[in-house]
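I would like to walk you through one structure, going from its overall division to some individual residues, so please keep the picture open beside you.

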Amino acid sequence: MSGVVIIGAGHAGSQLAVSLRAEGYAGAVMLIDAANTLPYHKPPLSKTFLKDPAALPQPLRAASAYDTVGVVRRTGTVSAIDTTAQSVTLDGEPLLYGDLVLATGAQNRMLPDLTGASNVYSLRDLADAERLRVALDSAQRVTVIGGGFIGLETAAALAAMGKSVTVLESAPRVLARVSAPETSNRVTSTLADLGVTLQAGFQAQGFRRAGDQVIAVEGAGGDIPCDLLLVGIGASATVHLAQAAGIACGAGILTNPHLQTSAAHVWAIGDVAETPNWLADGAAVRLESVQNATDQARHLARHLAGAKIGPFRTVPWFWSDIGPLKLQIAGLPLHADRRLVREDGARLAVFHLAGDRLVCVETLNSPAEHMIARQLIDGSHRPPDAILLDGPAAVKAWLAQGGKGVGVPQEQGKSAALI
Ligand SMILES: Cc1cc2nc3c(=O)[nH]c(=O)nc-3n(C[C@H](O)[C@H](O)[C@H](O)COP(=O)(O)OP(=O)(O)OC[C@H]3O[C@@H](n4cnc5c(N)ncnc54)[C@H](O)[C@@H]3O)c2cc1C
């Protein structure tokens, strides 16, 4: 076939397939995935799915959404790409493409010391979640290695199931790579309220085994016994296919601002793509979020359908549900040099500023404030500090009055009258 071949039917690939048709693309569209499932929502896997033994995967869209627009879904693992012949190898057979889109996502990192242990799990896809859910039936003491989003969401979910949960984080605080200390502190105290034991600054010195099971994590202060170990130490982009095909890769598959890779007619979107980002002053950034995956897919669909559009540019945003906390992050704090913190009962907002630019806002349990933050980051002016600290009502009022404040344009030609 020619047309568009998409490798990976996750959030990015699935969105691209249907958006191509919605944008008027008339050529053939093939969506290939290694997993034999309808593309499904991944976020529930670490939040609600584990808690309910009867929970089913939530499809991103019904099978008919692909079938009725002529998207051909194929199950199988693509094993090679030939960018000269414009073909991929699927089940040993070559398959021609006009354009190829790599939406291969990311893979969990694993600790080498744990290879072969039968009670060690990680969580990336539906099969992982189903295995973990079965194993939890007979496990009471669960140790989570890694205090990132997936580790903490799962810890909160397991605590709610009555499990005895310990989280071990090597950094001095949880979420250290992605959030401000104020957010980490609030998450830490909430997890403690849920009964989760959290040890930050914990360096695992080894793992004690009995047969093929890990029975304890060894640390300087003593062993942490466990029935089940969940490793949540982050993920790396699934780049091996691209690398083997000679496509330029860094932490992900490198793209230009239009999502094109170093090979002609080959594109990358979603978790696997490392793309120049306006909030990083054009430096290439790899983001793992549903918003990034679906927005990149929609953008590329427009481009492949023939629309004359500019480079990919959105305000990145992300959410995480950790027990009763809804954490939302808009923007990127990469170049921030100061922050403002607003605490309001159960709500928290952390504003990251780079000079006079608002570049990132973290909120806890404050969805309206998150929505305003996305618009402010995208806009041309930001409110003075005092108004930001007054809360969302004050920001809305400021915007309603024309948004005259700290006047450093974040991008020329954008209006501040956004709400
Ligand atoms: C447990 C969990 C919870 C999450 N929670 C949140 C959240 O709360 N909020 C949020 O914004 N984000 C969350 N994320 C991240 C979000 O799910 C990802 O950013 C998103 O799935 C990225 O979409 P993608 O299409 O790029 O990759 P994926 O959804 O990972 O899809 C990649 C697909 O490519 C396929 N594939 C790879 N190689 C091949 C090959 N050679 N041949 C065929 N198929 C192949 C894989 O089978 C996979 O289905 C979560 C992720 C996980 C794992």
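Let me begin with a pair of domains: 7 residues of domain 1 are in contact with 8 residues of domain 3, where contact means heavy atoms within 4.5 Å. The C-alpha centres of domain 1 and domain 3 lie 32 Å apart. The chain as a whole is divided into domain 1 (4-107 + 236-304), domain 2 (111-231) and domain 3 (324-400), with bounds that come from an automatic or database domain assignment.

Before going further, please note that this is a predicted model, in which local features need pLDDT of at least 70 and side-chain atom pairs count only at pLDDT 80 or more, while totals for chains, interfaces and linings use all residues. Residues are numbered from 1 along each chain as its sequence is written, and side-chain values use heavy atoms, with hydrogens and water left out.

Now to the ligand. Which residues come nearest to the ligand? Of the 30 residues around it, they are Ala12, Asp33, Lys42, Lys47 and Asp271, and a residue counts as near if one of its heavy atoms lies within 4 Å. This shell divides into 13 nonpolar, 10 polar and 7 charged residues; here Ala, Val, Leu, Ile, Met, Phe, Trp, Tyr, Cys and Pro count as nonpolar, Asp, Glu, Lys and Arg as charged, and the others, Gly among them, as polar. Domain 1 and domain 2 each give at least three residues to the shell.

Some backbone atoms also come into the picture. A polar backbone atom of Val78 is 3.0 Å from a nitrogen atom of the ligand, a backbone N or O atom of Ala103 lies 3.5 Å from a ligand oxygen, and for Ser289 the distance from a backbone N or O atom to a ligand oxygen is 3.0 Å. Taken alone, the ligand exposes 1000 Å², and the protein buries 92% of that, as calculated by the Shrake-Rupley method with a 1.4 Å probe. The elements that give two or more residues to the shell are helix 1 (11-22), helix 4 (149-160), helix 7 (290-304) and strand 22 (317-322); helices (H or I, at least four residues) and strands (E, at least two) are DSSP runs, numbered from the N terminus.

Let us turn to Arg382, which is found in the loop between helix 8 (367-378) and helix 9 (385-390). Is Arg382 buried or exposed? Its relative accessible area is 2%, so Arg382 is buried, a word that means under 20%, with exposed meaning over 50% and partly exposed in between (1.4 Å probe, protein chains only). The side chain of Arg382 reaches the backbone oxygen of Asp356 at 2.7 Å, and a polar contact of 3.1 Å joins it to the side chain of Asp385. A polar contact is a pair of N or O atoms within 3.5 Å; within protein, one must be able to donate a hydrogen and the other to accept it, and residues adjacent in sequence count only if both atoms are side-chain atoms.

Finally, consider the loop between strand 18 (253-254) and strand 19 (266-268), where Leu259 lies. Leu259 has a positive phi of about 75° although it is not a glycine, and Leu259 is buried, with a relative accessible area of 0%. His265 is found in the loop between strand 18 and strand 19, and its phi is near 65°, again positive in a residue other than glycine. His265 is partly exposed, with a relative accessible area of 36%.
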